[in-house]
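Here's a quick briefing on aromatic contacts and pocket space. Have the structure open as you read.

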Amino acid sequence: MFAVEVRDHIMIAHSLPRPVFGPAQGMHGATFVVDAAFFTKDVDEDGLAVDIGAATELLSAVLEPLKYKNLDEVDVFNGKVTTTEVVAKHIFDQLAAGVAAERLGTGSARVCKIKVTLHESHAARGWYEADL
């Protein structure tokens, strides 16, 4: 299996309004470093799984609607607790839609799996991954 992984980040605000989250129940900010890995079973005639530039552009476009937003006020998260895992799944879904729309160019057809990792800090991260 081959993979290309690209990185970006988002700065957000949100609350986690359930007792299990302790002090994080209140409004707080977070900066997530976001890694997106695109997996393929083979490479093209140029030795590429997917074009890194196209993958970087797709990730940036997917993250743009979340940057500097209060996730409690973003419609797609209405009724959801915006844990790291939930946000990772949302980003995955948007990336998968971009791959289906061939936003990675000819490499789109080779992508068989995506993994989205959100780094909360140097000590904690969460992710969502699935086959396409």
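What follows covers the rings first, then the pocket.

This is a predicted model, where local features need pLDDT of at least 70, side-chain atom pairs count only at pLDDT 80 or more, and totals for chains, interfaces and linings use all residues. Residues are numbered from 1 along each chain as its sequence is written, and side-chain values use heavy atoms, with hydrogens and water left out.

**Aromatic pair**
- You'll find 1 aromatic pair here (ring centres within 6.5 Å, taking the six-membered ring for Trp).
- Phe92 and Tyr128 make up that pair, 4.9 Å centre to centre with 70° between the planes, so it's edge-to-face (planes over 60 degrees apart).
- It ties together distant parts of the chain, 36 residues apart: Phe92 is in helix H2 (residues 84-100) and Tyr128 in strand E5 (residues 125-131).
- Helices (H or I, at least four residues) and strands (E, at least two) are DSSP runs, numbered from the N terminus.
- Phe92 counts as buried because its relative accessibility is 5%, while Tyr128, at 28%, counts as partly exposed (buried is under 20%, exposed over 50%, partly exposed in between, with a 1.4 Å probe and protein chains only).

**Charges over rings**
- The charged end of Lys89 sits over the Tyr128 ring, 5.3 Å from its centre (NZ of Lys or CZ of Arg within 6 Å of the centre and within 35 degrees of the ring normal).
- Lys115 has its charged end over the ring of Trp127, 4.1 Å from the centre.

**Pocket**- The largest pocket takes 4 lining residues from strand E2 (residues 28-40); a pocket is an open set of 1 Å grid points where a 1.4 Å probe fits, with protein on both sides within 12 Å along at least five of seven lines, and lining residues have an atom within 4 Å of a point.

Definitions and conventions: Phe/Tyr/Trp six-rings, centres within 6.5 Å; stacked < 30°, edge-to-face > 60°.
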